[in-house]
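This briefing sets out selected side-chain contacts and one metal site. Please read it alongside the sequence and the coordinates.

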Amino acid sequence: MSTPRPGSAAAVLGTTGNGVEHLPYGSFTVGSAPPRLGVRLGDNVLDVGTVLALAGDDVSATAREAVDSPSLDGLLACPKAVWDEVRDTLQETLQNAADTDSIVALAVPVAEATLGLPFTVADYVDFYGNEFHARNVGRIFRPHTEPLTPNWKHLPIGYHGRSGTIAPSGTDFPRPQGIRAEPEGAPGFGPSRRLDIEAEVGFVLGSPVPGGRVPIAEAEQHIFGLTLTNDWSARDIQSFEYVPLGPNLGKSFRTTISPWVTPLAALAEARVAPPPRDTPLSTYLDDSDTDPWSFDLQIEIALNGEVVAVAPFAETYWTAAQMLAHMTVNGADLRAGDFFAGGTVSGPARNQRGSFLEICWGGSEPLTLKDGSEFTFLRDGDEVSMRATAPGPGGSVIALGECTGRVLPPVTG
Ligand code: CA
């Protein structure tokens, strides 16, 4: 798969990171045309329905109808067998030299397309699954207590986010305002002074399950794919409001995701074991008899174009399968378009931390940027961009991203 057939569209259009082994999905428009489900090959986007039509009668009616959609919504409503049929057909067709001219003719340069949300976000759960991050935040927010809360190793802690403020990369937003914790004295109201990022991996769910209860062994039937996620966080608002019910306004103003969803199937070669466990787990979370999988995924974080950290997803303690099992074990329905993020990704080194809260240790250890200036939290006009790479088949590379957003001045009043 890593060497596309000569003369095929895969060979003509594919690039490192976005070859035929990747094929992420997105929702694209050109000019005033209605949005369509697209698939990326190299620096181009292709209408999925049109490519599938080239495969003729071999494609099921269910698959054709699922991709005749402005986004991934149609496909997410289908079972995994349809996801596999569509992906397999795309890979075969894009490798078929007889179709090259037709495919090249319908290719739209990504730079000429407008990319929207790749799917309609149903419910959004944000987990806290990385032990380095949880310990760092514990030390910074609660310096006189044990950094990990007593429940941390027993279940993947999470809270419900605000799905309506999830936006695709490139959607700028004003600095949020709210009631802020102040270093001394009473809390005050105003624009956040400690605006931050959280580099995360988001998991896009489908194949609905009324009544929930998705066992770990069935996670792959429901995790459609991954998308880079920036869970922007106003630390001064968050730190005042979060006890006892968790974050609310400190998080809900904006979450940015990549416009591209990488299919789980594209990351088969990137699977690695999660960190070792040291606490017995309830049956529904116990994966010790299985072959638990995480991903060798390195998330690069750039501030105004300057790379400030590379966060290793493989350090995340809880797996995506455990998080999915947890969020459905109580009987909560799993709906097409449900989405969860795995928690800020951090590693042991300073330049592996996925938030400025951690990199700059609550503001007490500023980062010195290349221009010599000192940085702690985001300033108006700052742009943060995330990309990620993972190993693909045959030595190829899977390039996720990009997930970019810019902070605008606050809208006060
Ligand atoms: Ca988060």
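**Calcium site and its surroundings**

Aspartate 126 and glutamate 200 are both buried, where buried stands for under 20% relative accessible area, exposed for over 50% and partly exposed for the range in between (1.4 Å probe, protein chains only). The model is predicted, so local features need pLDDT of at least 70 and side-chain atom pairs count only at pLDDT 80 or more, whereas totals for chains, interfaces and linings use all residues. Residues are numbered from 1 along each chain as its sequence is written, and side-chain values use heavy atoms, with hydrogens and water left out.

- The calcium ion has as its protein donors Asp126 (OD), Glu198 (OE), Glu200 (OE) and Asp231 (OD), at 2.1 to 2.3 Å.
- Donors are N, O and S atoms within 2.8 Å of the metal (3.2 Å for Na, K and Ca); water is not among the atoms, so sites may look incomplete.
- Along the chain, the donors of the calcium ion follow the spacing D-x71-E-x1-E-x30-D.
- Aspartate 126 belongs to strand E6 and glutamate 200 to strand E13 (residues 199–205), so this pair ties together parts that are 74 residues apart in sequence.
- Helices (H or I, at least four residues) and strands (E, at least two) are DSSP runs, numbered from the N terminus.

**Salt bridges**

- In the whole structure, a search finds 21 salt bridges, each being a side-chain nitrogen of Lys or Arg within 4 Å of a carboxyl oxygen of Asp or Glu.
- Glutamate 198, one of the calcium donors, forms a salt bridge with arginine 235 (2.9 Å, N to O).
- Glutamate 198 lies in the loop between strand E12 (195–196) and E13, and arginine 235 in helix H8, so the pair ties together parts that are 37 residues apart in sequence.
- Both glutamate 198 and arginine 235 are buried.
- A network of salt bridges with shared partners joins Glu131, Arg135, Glu146, Lys153 and Asp278.
- Aspartate 47 and arginine 36 form a salt bridge in which the closest N and O atoms are 2.8 Å apart.
- That pair links distant parts of the chain, eleven residues apart, with aspartate 47 in strand E3 (residues 44–47) and arginine 36 in strand E2 (residues 36–41).
- Aspartate 47 counts as buried because its relative accessibility is 12%, while arginine 36, at 23%, counts as partly exposed.
- Glutamate 182 and arginine 180 meet through their side chains in a salt bridge (3.3 Å, N to O).
- With 21% relative accessibility, glutamate 182 counts as partly exposed, whereas arginine 180, at 7%, counts as buried.

**Aromatic pairs**

- The structure holds 15 aromatic pairs.
- Rings of Phe, Tyr and Trp (its six-membered ring) pair if their centres lie within 6.5 Å; planes under 30 degrees apart count as stacked, over 60 as edge-to-face and the rest as tilted.
- Phenylalanine 127 and phenylalanine 340 form an edge-to-face pair, 5.7 Å centre to centre with 90° between the planes.
- This pair links distant parts of the chain, 213 residues apart: phenylalanine 127 is in strand E6 (residues 124–127) and phenylalanine 340 in strand E22 (residues 339–341).
- Phenylalanine 127 counts as buried at 5% relative accessibility, and phenylalanine 340 is buried at 0%.
- Tryptophan 152 and tyrosine 317 form a tilted pair, because their ring centres are 5.4 Å apart and their planes at 55°.
- Tryptophan 152 lies in the loop between helix H7 (131–141) and strand E7 (158–160), and tyrosine 317 in the loop between strand E21 (306–312) and helix H10 (320–328), so the pair ties together parts that are 165 residues apart in sequence.
- Tryptophan 152 and tyrosine 317 are both buried.
- A cluster linked by ring pairs contains Phe127, Phe203, Trp293, Phe295, Phe313 and Phe340.

**Charges over rings**

- Arginine 271 lies over the face of tryptophan 293, at 4.1 Å from the ring centre; such a charge is NZ of Lys or CZ of Arg within 6 Å of the ring centre and within 35 degrees of the ring normal.
- Arginine 277 lies over the face of tyrosine 317, at 5.5 Å from the ring centre.

**Loop position and separation**

- Proline 70 is placed in the loop between helix H3 (61–67) and helix H4 (73–76), and is partly exposed at a relative accessible area of 45%.
- The C-alpha atoms of proline 70 and leucine 148 are separated by 43 Å, and these residues are 78 residues apart along the chain.
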